[in-house]
Amino acid sequence: MKEIIVAAPRGFCAGVDRAISIVEKALEVYGAPLYVHHEIVHNKHVVAGLREKGVVFVDTIDEIPAAQTVIFSAHGVSPAVVALAKEKNLKILDATCPLVTKVHIEARRYAREGYKIVLIGHKDHIEARGTYGEAPDQMTIVETLADIDLLAFSPTEKLAYLTQTTLSVRDTRGLIERLRERFPQIEGPSSSDICYATTNRQEAVSAIAPKVKVMFVIGSRNSSNSNRLKELAESEGTRAFLIDNANDISTEQLAGADSVGLTAGASAPEVLVQQVTARLKDEFGFMTVSELRLKEEDVIFKLPKELLTAS
């Protein structure tokens with residue numbers, strides 16, 4: 001009998017939930033148009049739904065008229081972006097995930113204390129760019145072991161590392177080990193920068209992937225954590241596909257598969273999981289659905305005070 005195993009935890013994390021709630025509450029309070037600096041979260045479904053309600057997503061502060069409201073996305077921004085927003089007299093609502101803010105605070109502290117900083121992350125990702133902007137003269141971004149091998153710090157130099165919050169736990173561990181091998185003096189944060197939700201979703205995929213022939217990860221192409229889930233499933237020897245929604249599933253993807261694993265990246269809503277499950281059952285003959293739950297998540301991040309007190 002064809003079966004579907006759904007991963008848990010999956011989908012929205014507390015940071016994404018908070019960011020979307022900030023936009024929706026701001027629409028109630030301030031009305032449309034409402035400007036958001038970059039996509040609030042990396043998911044086509046979410047962004048399209050908010051755009052229909054009057055949200056305008058912009059790539060630069062220059063695109064926003066003076067004295068309007070701007071929301072910074074969950075990925076965070078650099079101090080330079082904040083300064084530009086203040087110059088234009090924009091009302092700022094910060095939807096940066098508190099776990100990303102933690103990394104920014106660490107970057108400022110290390111920079112203030114005279115450290116050179118190695119940021120493990122994807123150079124073109126908006127989160128990494130925002131963190132880099134906290135200390136551009138003291139920070140180097142690395143993505144691979146080869147990048148680390150090119151670093152040329154002296155043994156006496158004060159050195160620290162930070163990581164993007166949405167990386168693969170497994171891959172990041174290897175990069176940190178190489179940094180410690182090359183630079184024994186390097187310091188790191190007291191707790192991992194990789195977000196709890198990223199870790200939980202990766203552990204769930206690791207548990208399911210060996211049990212199934214195909215793994216579907218619901219998430220948009222520009223979602224870092226979703227891409228890492230797909231790569232993780234593939235590393236377990238499972239065929240894996242990153243899909244935006246149920247329409248992306250094809251007969252070719254399911255060739256020879258009597259078992260399918262299903263998860264969703266941290267910015268993908270649960271409705272997409274339900275739609276994918278329904279299509280697998282209705283059109284492809286998957287009869288049973290079970291959930292493999294590894295952990296319960298009860299993290300909640302509060303909305304900004306100005307929204308909580310607004311009428």
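H75 is buried, at a relative accessible area of 10% (buried means under 20%, exposed over 50% and partly exposed in between, with a 1.4 Å probe and protein chains only). The model is a predicted one, in which local features need pLDDT of at least 70 and side-chain atom pairs count only at pLDDT 80 or more, while totals for chains, interfaces and linings use all residues. Residues are numbered from 1 along each chain as its sequence is written, and side-chain values use heavy atoms, with hydrogens and water left out.

H75 sits in the loop between β4 (69-72) and α3 (79-87); helices (H or I, at least four residues) and strands (E, at least two) are DSSP runs numbered from the N terminus. Leaving aside residues up to four places away in sequence, H75 touches E39, I40, V41, H42, V100, H125, I126 and E127, where contact means heavy atoms within 4.5 Å.

One of these contacts, V100, is among the buried residues of α4, together with V103, H104, E106, A107, Y110 and A111. Seen down the axis of α4, the buried residues fall within an arc of 160°, so they line one face of the helix; the arc is that of the directions from the helix axis to the C-beta atoms. These residues pack against β6 (116-120), α5 (126-132), β7 (139-142) and β8 (159-163). After α4 comes G114, which has a positive phi near 85°.

H75 is also one of the residues nearest the centre of the largest cavity, along with C13, V16, T166 and N225. A search of the whole structure finds 1 cavity of 30 Å³ or more. The elements that give two or more residues to the lining of the largest cavity are α1 (14-30) and α9 (224-235). In the largest pocket, α1 provides the largest share of the lining, 3 residues. Among the residues lining this pocket are F12, C13, D17, R18, Y196, E297 and D298.

| Space | Volume | Lining by class |
|---|---|---|
| Largest cavity | about 250 Å³ | 8 nonpolar, 11 polar and 1 charged residues |
| Largest pocket | about 200 Å³ | 7 nonpolar, no polar and 4 charged residues |

On a 1 Å grid over the protein atoms alone, a cavity is a set of points where a 1.4 Å probe fits but cannot get out, whereas a pocket is an open set with protein on both sides within 12 Å along at least five of seven lines; lining residues have an atom within 4 Å of a point. Grid points are joined across faces, edges and corners, and a volume is the space filled by probe spheres set on the points. Ala, Val, Leu, Ile, Met, Phe, Trp, Tyr, Cys and Pro count as nonpolar, Asp, Glu, Lys and Arg as charged, and the others, Gly among them, as polar.
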